Amino acid sequence: MGAIADITTIARWEVKRTVTQMSRATLPLAIVLFILLILVTGFAAKSGMHLQDGMYEAGVDDPAIARLLASDNRFSVYQLDSEKLMQNRQAFDIVVIQGTVYGSGSERGRSALKTVERDYAKYTNRVFNRQDDLYAAYPLWIDLESVKSELDFLSTQSGQYISGRPRSVAPVPEGEVLTIPTPSPTLAISKEELRAELTRSEAANSQITRYTEMLSSSDSALGTFKTPSQLSPPLPFDSIILIFVFIFPLYFTSQFFMMSIMNERIERKGEVLLSTPVKAGSIITGKALPYLLGMLAISATLTVYLRASLLIMLPLIPVIFFFLANALIIGMVSRSFKELSFISIFFSTVATSYLFFPSIFANVHVISLISPLTLIILTLQGTAYTAGDYLFSTSLFWITSAVLFFVAVTNFKDERLFSESSLIPRILGFIEESMSKKHPFFSTFLLNGFAIPFVFMVQLMCLVLFFNLPMPYSLILLLVFAAGIEELVKSVGIFVLSAQDHTFLTAKNLVFACAATAIGFLTGEKLLLLITLSQITESVFGSILFLSLGVLWLPLLLHFAGVFIVACALKFGGRKWFVPGIFAATVIHCLYNLYFILGWLR
Amino acid sequence: MNPRHLSIIAKKEFRGLLNERTILLAVLLQLFIAMFSSFLMVGLTSMYDPSSLSKYSRFRYSIGYCGNDSALREYLEKSPDFNVYGMELSPAVASLKERKLAAVIYVPDTAPDAVDPVKITLYTLQNDLQSAIVNVKLRDIFLNYEKDLRTIRGARLTEQPLPLQLPAKRSGGDFYEFVYGLLIPLLVFMPAIIASALVIDLITEEYQHETLETLISTPITFSEMVWGKVLACELLVPVQAGAWLFLLMVNGIAIENVPSILLQVTLTSFLLILLGALTALHYRERTAAQFIFSTALVVVILFTLALPANPLNLLTRLAVGTAGMEQWIVLAGVIGTGALLSVATQHYAEKIGREHHTG
């Protein structure tokens, strides 16, 4: 009961402090700015965005076509007679002479051609949409049916498929053949509905759709019916833009939380709070609570406003916790405002990339499930996802947030908050504080177990990064990076222990600490695999990241050997041998992996 | 104003940045974004223009063709991208599920000159990179077939669009606009935004850490301190923007007029930095200043983008090499606004400085 009372009191203080501070100083200006924002948005919507004006130069001999091109701001159009154009064609990106378009050979010329092509297609569509006989203008319709394949990630990872048959003979299915009903030859939608939809997609023309039109078919009311020109991979661009609408307020609110934590540390203002009998956990929870509620309220309001399903909140909640946990840690480690700015910019870029980029491939590839945002896109599209998918894409967020909160709570005390040391020693200090001094081996075990989610996150990030490189390079890079990251993380515990107490690394302790590290790492790995055991782990990439499920003693030995090398380097060489030690351990780790991958390939 | 005092302050801030390894973080950030944007480029290009990756272009995809014969089948058989097998629908879809086919097409018995449209059913695999590629390749064939059908039904159209003969399909140029018209102006402009946020941090820090009194008890005046901080942030801009341009060029993106781009960015960032400095001087507290400044920034940038020939547009045009005389007019406008803001900052700083000395 006491804890809850403390939390509510602190939460109330937090709200009161922020509100009074903000309203006194900034409210009038904020209101003015908000009104200005609305005005400017209106102005921008009317005048359009002028980022790409005049990118291309076009020479045209026909006034009608000149008008057609000039309606697109990207072109600077010059009207000349045919002969002059012919002579000066090198001065333009494209020239149109007597109804024929010629592009210059340059990259810009090719791009200008594409743009003309798209503009012209849009223009012809406009003409065709007005036709009475719509089926003469659009004689071909395609109904897209997607079929779910049983063979999944393994064969699709690089867009290959199983082949190796003679070309002349049609393939024969091995499994069961389900009867597929013959599709009806008519469209299920009336002509006028089709026309309305075609006109709607014609009208949508803004800076954003400029990109979407080359990337996607807009998710239209026509369902699976498309004209050939609309046929391209279903990139959920609209949904992705919506995602930014959701993520941006979270980022903004977490900035305030970060600053509130930082403010406690400036000139030891938070000392009063720390001297009260209130527990650190209650202080942090109380301070975080208003921001958590605020974020939830903002997201819920947005969801309702967009008339989307409230199920969107499910994958969003772990993301909210993740933002809060990181804001807390950032507020606690940075020494100055500029450090706070840079770390938070860095964090938000990395986090946004991690969340955003995989979700681009939402309809294309299972790898997109790494990001919880993919689930949001799926919800927006009305596609169902399984509980397993949810667990897979959010478990890392849940666990890392919990670990970060724990680290923050144990470190929320005088000597940590007000220390003046620089970033890396501070972070090491935080880890040191979270480890129990009485049970160094047990806490090494725990540290490594809980480090696993972070390692997975970084490794999945690498997977995303290297995914599109050509095949052997992506594997090699992933191999080296995965091994390097694991070795680095494993050695942190021992590094901290030896930094804390130089006499700690006796031969006996060294072996014990290495064993605790190896066991902790392996346990964490296996436990997390149990949760997320799904598509990723079964692919080639998975086999590098999370090697060998079956045999336990081999990876244990590997983890032990790796950390043992680093520990020995630390013991006999001192700190300056730490990095070479990690390097050596990485090489061994890679060799081990290579041996097994090669064995696997054989 | 003593130039030596300005450089003392600027040097102090640089030392601070170096000590805290924040510069290192900024560099890491740049590398990270550069890596990710190239990831995005490679990924998207391979999805939408598969022939750009040689390993896909050699490949012949197997297609199951079901239903009635049509001109479409001839197109498919002539195409170097596909092997076509005439099949029954059910076994074809079953083979697709086993990945023995890349797609299945069903064509109904609709005459090319019928009143109704020809409705083709296309079966592809869900959540699959390969389907995306096959779709792109099939699209061209469908478009040809659509053109034929449209010609056959041409007499029923009441209006024909202006004829325009476009050159035959070629690859490339897909992401030129994305790179030059969005990525480059945004990335190059980012240092300006970072620098203006930084000047707020630097100024509010002096207030909130209560180091201001010590600083103005030295011969350095208050306004010199402000200008020193502005100078430090300003110097960072061309360095960072230059690093961006360098990274992009390493990635194989040719950029023209690099010196002019740097000049434009540096001068435009000066406006933002002064705006940041004014906000910070007014609020003297980071949360409020950053909040107001970032909101104001959104308003300013949105407004600027809605104007024709704005500085960001100019960055695009400079990078592709189509900027003309108007760049100097824009530059003059930027310098004029900068001069006005400078006067305002100087007055405000002097006023606050007097308050500090008397109070």
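Mentor: Let us begin with A309(B), which counts as partly exposed because 16 other C-beta atoms lie within 10 Å. Please bear in mind that the model is predicted.

Trainee: Where does A309(B) lie, and what is its phi?

Mentor: Most residues other than glycine have a negative phi. A309(B), however, has a positive phi, near 50°. The residue sits in the loop between α11 (286-306) and α12 (311-320) of chain B.

Trainee: Which loop holds N257(B), and how many C-beta neighbours does N257(B) have inside 10 Å?

Mentor: N257(B) belongs to the loop between α9 (222-250) and α10 (258-283) of chain B. Its phi is near 55°, again a positive value in a residue other than glycine. N257(B) has 17 C-beta neighbours inside 10 Å and is therefore partly exposed.

Trainee: How is the packing of two helices described?

Mentor: One gives the angle between their axes and the distance between the axes. In chain A, helix α13 (residues 313-333) packs on helix α16 (residues 387-411) at about 30°, with the axes 8 Å apart. An angle under 35 degrees counts as roughly parallel, so α13(A) and α16(A) are roughly parallel to each other. The crossing of α13(A) past α16(A) is left-handed.

Trainee: Which residues of α13(A) and α16(A) meet?

Mentor: On the α13(A) side they include L314(A), F321(A), F322(A) and I329(A); among those in α16(A) are Y390(A), F397(A), W398(A) and L404(A). The residues of this contact comprise 17 nonpolar, 6 polar and no charged.

Conventions: Residues numbered from 1 in each chain as written. Chains lettered and ligands numbered in written order. Predicted model: local features only at pLDDT ≥ 70, side-chain atom pairs only at ≥ 80, totals over all residues. Axes fitted to C-alpha atoms, helices over the stretch in contact; angles between N-to-C directions. Helix = DSSP H or I, 4+ residues; strand = E, 2+ residues; numbered from the N terminus. Parallel < 35°, antiparallel > 145°, perpendicular 65-115°, else oblique. Left-handed = near helix turned anticlockwise from the far one by under 90°. Contact = placed C-beta atoms within 7 Å. Nonpolar A, V, L, I, M, F, W, Y, C, P; charged D, E, K, R; others polar. Buried ≥ 20, exposed ≤ 12 C-beta atoms within 10 Å, placed from the backbone.
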